[in-house]
Amino acid sequence: MLLTIQNLTVRYGAETALAIEAPIVIEEGDRVGVIGSNGAGKSTLIKSLLGIVSGQGVIETRLKPEQMAVHMQFNEYTDAMPVKYIMEAILGTKIARNEKLQELIAFFEFEDCLRKKYSKLSGGQKQRFTIIMVMMQEAALTFYDEVTSGLDFETRQKLVEKLVEWYKGKETSFLMVSHYYEELDQLADKLLILDRGKVIDYGRKEVLFHKYCGRAVIVVEHSDKNEAILAGYDRLASPAHLIALSCTSQEKEREITEVLLKHNVNYKRSSDDIEILYTNAKQEGMRPC
Ligand SMILES: Nc1ncnc2c1ncn2[C@@H]1O[C@H](COP(=O)(O)OP(=O)(O)OP(=O)(O)O)[C@@H](O)[C@H]1O
């Protein structure tokens with residue numbers, strides 16, 4: 001066990017921003033994606049784990065503070081010198097003499113940025129700079145708070161691909177807050193679903209998917225025509241522009257896809273759609289007991 005969080009409450013004045021009851025256990029090697037709408041308490045969770053905000057409760061870990069690294073949403077560095085020297089000063093090393101740092105700079109294609117001042121870096125370059133700094137710590141557990149926020153689609157994709165490649169075959173764990181489901185699709189193997197400070201669910205991605213969506217989901221665009229075609233089938237909760245159907249068995253899946261093919265309707269089939277999973281988990285979480 002790397003970290004256990006239990007009965008943790010964080011308040012800002014009269015507002016309870018986070019109230020975790022049942023234990024959340026992060027094991028070695030876990031890659032935890034944290035999802036929830038704005039104000040759900042995601043950043044507060046990271047801040048309380050780092051001791052930046054204080055709460056009441058139990059956070060148990062065998063890690064020393066230096067074995068945890070953090071990538072926060074917004075970072076600022078001095079503009080008095082190029083980032084190369086900031087890197088060397090903070091890390092206490094020289095790039096020319098540090099193979100690990102050279103490897104990271106090359107891996108994240110940062111060579112051409114080294115001579116620039118921090119404020120002159122693009123959003124994607126700033127994120128890569130911070131990631132290199134974070135990864136140099138070789139922490140057993142890293143917290144990422146919206147690592148791709150503010151980046152355009154292509155830059156985001158590239159950065160996620162890099163992170164996927166970097167973590168392949170490594171044992172290190174992370175907890176990653178993100179609003180982009182496709183990012184967590186690629187990077188996370190567990191999900192922590194928060195809503196208004198409370199835990200809706202926590203567990204392995206595939207287990208949660210099965211629990212809330214079934215074996216697979218079929219998703220089509222929402223339209224009156226598609227509504228009429230699919231009128232007889234059980235619907236999952238979905239964003240308004242989509243219709244989502246749960247395939248509880250192979251037969252059910254065959255039946256639905258045959259109907260859709262007959263009517264020439266485009267569909268997407270998935271067994272790990274985090275957006276539909278989250279929408280249904282949230283809906284269930286809101287149901288009165
Ligand atoms: N420093 C603060 N002082 C007072 N209230 C705060 C503070 N930081 C956060 N909050 C409140 O606590 C709640 C949780 O905020 P938090 O930043 O953890 O949400 P989040 O899930 O990370 O949201 P987002 O997705 O918008 O980043 C919100 O209602 C927010 O307004």
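User: Which strand and which helix each supply at least two residues of the shell around the ligand?

Analyst: They are strand S2 (15-20) and helix H1 (42-50). Helices (H or I, at least four residues) and strands (E, at least two) are DSSP runs, numbered from the N terminus. This is a predicted model, in which local features need pLDDT of at least 70, side-chain atom pairs count only at pLDDT 80 or more, and totals for chains, interfaces and linings use all residues. Residues are numbered from 1 along each chain as its sequence is written.

User: Which residues surround the ligand?

Analyst: A residue is near a molecule if its C-beta atom, placed from the backbone, lies within 6 Å of it. Here the ligand is surrounded by Tyr12, Glu15, Ala17, Gly36, Asn38, Gly39, Ala40, Gly41, Lys42, Ser43 and Thr44. H1 gives the most to this shell, with 3 residues.

User: How is the packing of H7 and H10 read?

Analyst: Two packed helices are described by the angle between their axes and the distance between the axes. Axes are lines fitted to C-alpha atoms, for helices over the stretch in contact, and angles run from 0 to 180 degrees between N-to-C directions. The axes of H7 (residues 205-213) and H10 (residues 274-286) come within 9 Å and cross at roughly 60°.

User: Which residues of H7 and H10 meet?

Analyst: Two residues are in contact if their C-beta atoms, placed from the backbone, lie within 7 Å. On the H7 side these are Leu208, Phe209, Tyr212 and Cys213, which meet Ile276, Leu277, Asn280, Ala281 and Glu284 in H10.

User: How is the protein divided into domains?

Analyst: Domain bounds come from an automatic or database domain assignment. Domain 1 covers 29-47 + 65-204 and domain 2 covers 216-270; their C-alpha centres lie 37 Å apart.
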